[in-house]
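Hi everyone, thanks for coming. I'd like to walk you through one model today, so let me put it on the screen.

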Amino acid sequence: MYMAQHPVRVLLIDDQESDYLLMRSMLSSIPNQAFYLEWASSDEAGLEAIRRAAPDVCVVDCGIDASDGLELLKNACEAGSKAPVILLTGTSDFQLNGEAIGLGAADFLVKDQLTAALLERSMRYAMAHARTLDELRRQQDELRASELRFRSVVQSASDAIILADDSARIIGWNRGAEAIFGYGEDEVLGFPIELLMPERYRDKHRLGFKRFRMGGRPHLIGKTVQLEGLRKDGSDFPLELSLASWTSGGGTFFTGILRDISERKRADEMQCAREAAEEASRAKSNFVANMSHELRIPLHAIIGFTNLLLKNKNSDTEARDFLERILLNAKDQLVLINNILNLSKIEAGKVDVEARPVAIDRIVRDVVRQMEGQRRSPDVEIVLRVPPSMRPITTDGAKLKQVLINLMENALKFTESGTVIVNVAASPTDFSPVRIDVIDTGPGIPPQQLDEIFEPFRQLEKRAISRRSGTGLGLTISRSLCDLLGYDLRVQSKEGRGSTFSVLLASETVLPLSA
Ligand SMILES: Nc1ncnc2c1ncn2[C@@H]1O[C@H](COP(=O)(O)OP(=O)(O)OP(=O)(O)O)[C@@H](O)[C@H]1O
Ligand SMILES: [Mg+2]
């Protein structure tokens, strides 16, 4: 009769030595199984032996007063003993029997009727039973741990995780759901899932569920779809739903993972709008670039023929005056068209940057020389401040020159007297130029208009009237060119004191703006 491979450790708690001897002989007569019998002659010794020796099975003699045995059983359980306990008693008392089993006794044997076979079977069953109980307890612990793990994952998710039963009632609700929908768990448990849908989705949902109850497979299972949700405060919001189902105990349950995608949608919409606007702007710039080109051709003809007519010395004074006006207007028109054409080309991305190493001091000197004639009076002094040695930089020199010409043109145009300084700042460590300033002592620009002046066709009222020149495109073109070259064009100004326009060639940390 096979019980265990190792000797079974039996603890007998019994105050009679004769019982111990009897038990020993009974155990030794059991075939195919070795036993190691320990005897404790008192309850205390018995409890101590349970703690120390961890027997496989305890046999406890209840003596005449069977309740002693029960007391011991209780104490053994409290001491954490997992060994099954078989009670031995003088009489077969059914009430006591029941009570003992209720307390966890594995079996209840009457001493007089005890045989080796009975004892062996009782011990075998008791140990098997204890093993099963132990396994069950272990599985329960594992289940509890896994449930706790699952709960903590579900609870800590920022997405809403909602469980529903096969009547579409909410049976699970995590903190993510609380944050997204605004309902606490106790406000939604047991409620139909429809609560979370705008009215317009409900009919479809009911229909889907009806189909599911009639044996159909819900369409949404295993898919991620975009829908709308209804918050507790009555507002709708776009959401993404992934739905899964599982079957347990004959019922089907659903898990929905929902994510509020309001932000994402907004960002997508903005991106689309931005792309559409950029496309429209490119198309406009393309159109303007083509148009400007077409407009230039007849203008060149007008200017050419007017020049020819002006060469005719025979024309009278009035006719010459008219011709000169035609010429002046046509030239203004040509400048305007050229400017528009330039700007449109930059905006349409049709302008290539031709970068090569250039000496900034050479460019600056060229510009100053070229612009000297545009001073409004000899009272305006042009000052050039360039560091003694500077490294060349790699850039599109022609475009940078165009920017500086525009800035100088403005400075000279708006400065009646005083100075226009062109200042180049270089890094004290590697001598590479970091900034070019065009500083004037002109009328200055009001602070609230410092941004406006870079917009196309924007000219400050008074000045535009005072001098009939310019189209209001110089700064717009300059800023676009700077963007193209990777530079920053900034302005600082004090009304009545003058303005400083700066081209930042590199991000600088050391040099203050000098005036
Ligand atoms: N240095 C400056 N001092 C004072 N005001 C300025 C200065 N530079 C620009 N502005 C103001 O900013 C406006 C826009 O300048 P911008 O160079 O774009 O146009 P513009 O000089 O009027 O015409 P364009 O440059 O097309 O010939 C000017 O009309 C002027 O009112
Ligand atoms: Mg200008």
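**The parallel sheet and one buried threonine**

Let's start with an open sheet of 5 strands, paired in parallel in the order β2-β1-β3-β4-β5. Strands here are DSSP runs of E with at least two residues, helices are runs of H or I with at least four, and both are numbered from the N terminus; two strands pair if DSSP finds at least two bridges between them. β2 (35-40) and β5 (107-110) each have a single partner strand, so one side of each is left without a neighbour in the sheet. On average, neighbouring strands are turned by 20 degrees against each other, direction ignored. Angles run from 0 to 180 degrees between N-to-C directions, with axes fitted to C-alpha atoms, for helices over the stretch in contact.

A word on the source: this is a predicted model, where local features need pLDDT of at least 70 and side-chain atom pairs count only at pLDDT 80 or more, while totals for chains, interfaces and linings use all residues. Residues are numbered from 1 along each chain as its sequence is written, and chains are lettered from A and ligands numbered from 1 in the order in which they are written.

Back to the strands: β1 (residues 8-13) pairs with β2 over 6 bridges, in the parallel sense. Within that pair, L11 has E38 as its bridge partner in β2. Helix α1 (residues 17-28) lies across β1, β2 and β3 (57-61), at about 175 degrees to β2.

Now, where does T441 lie? T441 is in the loop between β15 (433-440) and α13 (461-466). T441 counts as buried because 21 other C-beta atoms lie within 10 Å; the cut-off is 20 or more within 10 Å, with C-beta atoms placed from the backbone.

Notes:
A residue is buried if 20 or more other C-beta atoms lie within 10 Å of its own, exposed if 12 or fewer, and partly exposed in between; C-beta atoms are placed from the backbone. Two residues are in contact if their C-beta atoms, placed from the backbone, lie within 7 Å.
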